[in-house]
Amino acid sequence: MTTRTQDLAYMTLALRLAEKGRGTASPNPMVGALVVKGGRIVGQAYHHRAGRPHAEVLAIRQAGIRARGATLYVTLEPCCHTQKRTPPCVPDIIRAGIRRVVIAMTDPNPMVKGRGTAAIRRAKLAITTGVGRAQAEALNRTYRHWMMTKRPHVTLKAGMTLDGQIATSTGESRWITGRQSRREVHRLRSQVDAVLVGAGTVIADNPSLTARMGRGFMRLNRRQPLRVVVDGRGRIPLSAKILSDQWCARTLVAVTASVPAARLSALRNKKVETIVIPAAGGRVLLPKLLAELGRRGVTSLLIEGGSELNAAMLRAKLVDHVMMYVAPALLGGDDARGVIGGKAPVRLIDAIRLRRFRCRAVGADILIEGDL
């Protein structure tokens with residue numbers, strides 16, 4: 001087996017370790033690390049959550065004295081800066097006596113980008129980069145997007161019929177898709193930093209937007225997303241579920257300056273945080289909202305709104321990924337509610353096309369997804 005083949009095999013294992021941090025490591029990236037000596041793995045770890053030791057440090061600790069002269073495989077460039085809650089990793093790597101470091105991808109964080117690699121080279125350690133880079137970048141696409149754009153990676157999710165409807169003429173939508181699709185959605189919620197809906201969805205459906213599991217989806221996941229409501233005019237009722245259960249998940253309501261102070265005070269009395277976002281035509285400016293969420297460390301956002309919010313996010317070119325759960329059913333009629341509201345383009349050339357398109361069965365439904 002060649003060195004390159006061995007490196008890729010060990011990096012694949014490190015990437016599997018990194019995946020264990022999905023939903024918990026944010027806003028940090030998912031990172032896995034292996035310490036290998038004499039063809040044996042003597043240390044392995046992944047990054048659990050922000051504020052906890054990084055993967056390479058944990059793997060080196062596990063290896064102990066066996067780290068001396070070993071090879072460290074890490075899915076992300078080790079950090080070398082001190083502007084964070086944990087010490088830099090590069091000094092620990094050098095002190096441990098690691099002989100060689102194999103890195104999958106460069107850290108897009110400007111405080112790290114290339115500097116960690118340079119520090120390792122200055123210490124005269126052998127270094128190989130780019131092994132498993134494509135897989136590592138795909139794994140951490142939300143982190144990369146957040147670092148490069150300063151806003152969260154946005155996924156638009158919807159459950160719809162074969163003819164593209166998300167609700168009947170009366171607004172009934174529970175449940176278009178099957179149990180397995182709904183189970184996947186709860187898992188998605190537990191893995192993203194925030195879920196976004198409009199005031200109309202809260203008024204019509206009174207959703208809880210929590211991540212739940214078990215029979216009947218009654219048991220709360222340990223990790224819950226931040227629930228963000230776009231409510232430019234302050235319309236959502238104070239009795240709404242997402243305002244009354246702050247003990248299990250936090251809610252953030254984005255309003256405009258036109259909302260009366262008394263209304264804001266009433267929301268705050270319910271322990272709900274509000275933020276005033278600049279408006280256009282009386283509506284919350286969505287790019288400004290996403291910039292604020294990014295500033296707060298929200299790296300991933302799941303849209304679970306209605307057709308109008310879907311349309312507004314697509315018009316603003318703020319959607320990065322689409323996930324459509326399609327049920328084997330037809331609603332028909334001009335008065336049913338389509339997945340994307342507003343006016344349709346005049347020309348087919350203006351249709352939004354998906355890239356890296358793929359689909360799979362989810363119970364009786366079909367999941368169609370792709371990037372924009």
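Mentor: Let us begin with valine 229, which has a relative accessibility of 0% and therefore counts as buried, the cut-off being under 20%. The model is a predicted one, and what follows should be read as a description of that prediction. Valine 229 belongs to strand S11, which covers residues 226–230. Leaving aside residues up to four places away in sequence, valine 229 touches Val197, Gly198 and Ala199, together with Val202, Ile236 and Ile242, and also Thr251, Leu252, Val253 and Ala254.

Strand S11 is one of nine strands that make up an open sheet with mixed pairing, and the order across it is S13-S12-S11-S8-S16-S6-S17-S20-S19. The edges are taken by strand S13 (273–276) and strand S19 (355–362), and because each has a single partner strand, one side of each is left without a neighbour in the sheet. From one strand to the next, the twist averages 20 degrees.

Within this order, strand S8 (residues 194–198) and strand S16 (residues 300–303) run parallel and are joined by three bridges. Valine 195 has leucine 302, in S16, as its bridge partner. S16 is also one of the strands that helix H6 (residues 141–149) lies across, the others being strand S6 (153–160), strand S17 (321–326) and strand S20 (365–371), and the helix runs at about 130 degrees to S6.

Seen as a whole, the protein chain contains 12 helices and 20 strands. Its radius of gyration is 23 Å, close to the 21 Å given by the globule rule for 372 residues, so the chain is as compact as a globular protein of that length. Taken along the principal axes, the C-alpha atoms fill a box of roughly 70 × 45 × 45 Å. Of the 372 residues in the protein chain, 52% are buried, and valine 229 is one that counts as buried. Where contacts join residues at least 6 apart in sequence, 70% of them link residues at least 24 apart. As for the surface, the protein chain exposes about 18,500 Å², of which carbon and sulfur atoms supply 53%.

Notes. Residues numbered from 1 in each chain as written. Predicted model: local features only at pLDDT ≥ 70, side-chain atom pairs only at ≥ 80, totals over all residues. Heavy atoms only, no water. Pairing = 2+ DSSP bridges. Helix = DSSP H or I, 4+ residues; strand = E, 2+ residues; numbered from the N terminus. Axes fitted to C-alpha atoms, helices over the stretch in contact; angles between N-to-C directions. Contact = heavy atoms within 4.5 Å. Rg over C-alpha atoms; globule rule 2.2 N^0.38 Å. Buried < 20%, exposed > 50% of the residue type's maximum accessible area, 1.4 Å probe, protein only. Areas by Shrake-Rupley, 256 points an atom, 1.4 Å probe, with all protein chains shown as cover.
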